[in-house]
Amino acid sequence: LNGKGGNSAMARLRRPGDASEPSVKLFVASTGWPHKPTHTPKRPLVILYGATANSESELQADGGPSRCYAEMACAVLQPEHDCLFMIDLSEIASPADWQAELARPGRASRMLERWFAKFNPREATVIAFGSDAELWAPLLRLNDEQRVSRLIAAGSPPSERLAGKLKEANIETTQLEKDSSLQTISEALARGGGSSELSVSDLFFVFVEFDIDKKSKQLVWFAQNITSVIAKSFRNATAAPGRGTVANSAAENVTAAAEAAAPAPLPAEVLNLLASDAPQTGSYAVDGVATHHLV
């Protein structure tokens, strides 16, 4: 979270005892119920936040990527359970540093590659704005496995390097204008999203972090339901020039949804995530180690 007030927001999301090392963060906006992490996300819809595009546009917003891309989630997600995965790179490098990494990949790019290998997606569809598309070049295939199958790029045509990588990995690519509307992006995706009138009150937000369990030595995910936190950011926000406004009624609706947070019928593990209005944390082991909640 690197928008205004982002440092305090991120502090609330850190687990007790965490080091303050900057890292890649994952936020998930979903419909139906909060996202539960899986070992290998199948055909996820993915977008970067806090990298190069923020220096070229007005994508940043109070509340970080979850608030920033809420309207996009409403435009592209299906009303049944569906997810938009938002990869937050704002902690590990500034937009200017990310621009420099495009010419000469360094520490930040390596951190992103290692993190993406842990994320471990299959056949991901990527939405990229501006130069962010270039950051995907080394991520299309990792460890000789196809990670991305589609790229929706809004901005300048790909560089010769990226074009070569896209061709080599056989990536389906759609090129859009820089200032393409959400409707245009939704139509380009052609995945059934945006067909109904979704609003922010229909969305759930989860913060996900990866770690190695000290006892089992397995990769585990720490999932934190932050719907109520995002609801408050909508409620307290004032519209900035050049950005879309958030109606008071929508803010009230998403707050009510966060407080109720128990639509039925839902799986038992989902109900556990929604048992409290306060953000919750749970971890899920890759090989099915029992879910437990952190104190």
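Author: Start with glutamate 101, which is buried (under 20% relative accessible area, 1.4 Å probe, protein chains only) yet has no salt bridge. A salt bridge here is a side-chain nitrogen of Lys or Arg within 4 Å of a carboxyl oxygen of Asp or Glu. The nearest side chain of opposite charge, arginine 110, is 6.8 Å away. This is a predicted model, where local features need pLDDT of at least 70, side-chain atom pairs count only at pLDDT 80 or more, and totals for chains, interfaces and linings use all residues. Residues are numbered from 1 along each chain as its sequence is written, and side-chain values use heavy atoms, with hydrogens and water left out.

Reader: What does the side chain of glutamate 101 make a polar contact with?

Author: With the side chain of serine 109, at 2.5 Å. A polar contact is a pair of N or O atoms within 3.5 Å, one able to donate a hydrogen and the other to accept it; residues adjacent in sequence count only if both atoms are side-chain atoms.

Reader: OK, salt bridges then. How many by this rule?

Author: Four. In one of them, glutamate 209 pairs with lysine 25, with the closest N and O atoms 3.1 Å apart. That pair links distant parts of the chain, strand β9 (residues 203-212) and strand β1 (residues 25-31), 184 residues apart.

Reader: Why does lysine 25 count as buried?

Author: Because its relative accessibility is 1%. Glutamate 209 also counts as buried, at 13%.

Reader: Which residues are linked in a network?

Author: Arg122, Glu145 and Arg147, through salt bridges. Between arginine 147 and glutamate 145 the closest N and O atoms are 3.2 Å apart.

How values were computed. Buried means under 20% relative accessible area, exposed over 50%, partly exposed in between (1.4 Å probe, protein chains only). Lys and Arg count as positive and Asp and Glu as negative; His and the chain ends are not counted. Helices (H or I, at least four residues) and strands (E, at least two) are DSSP runs, numbered from the N terminus.
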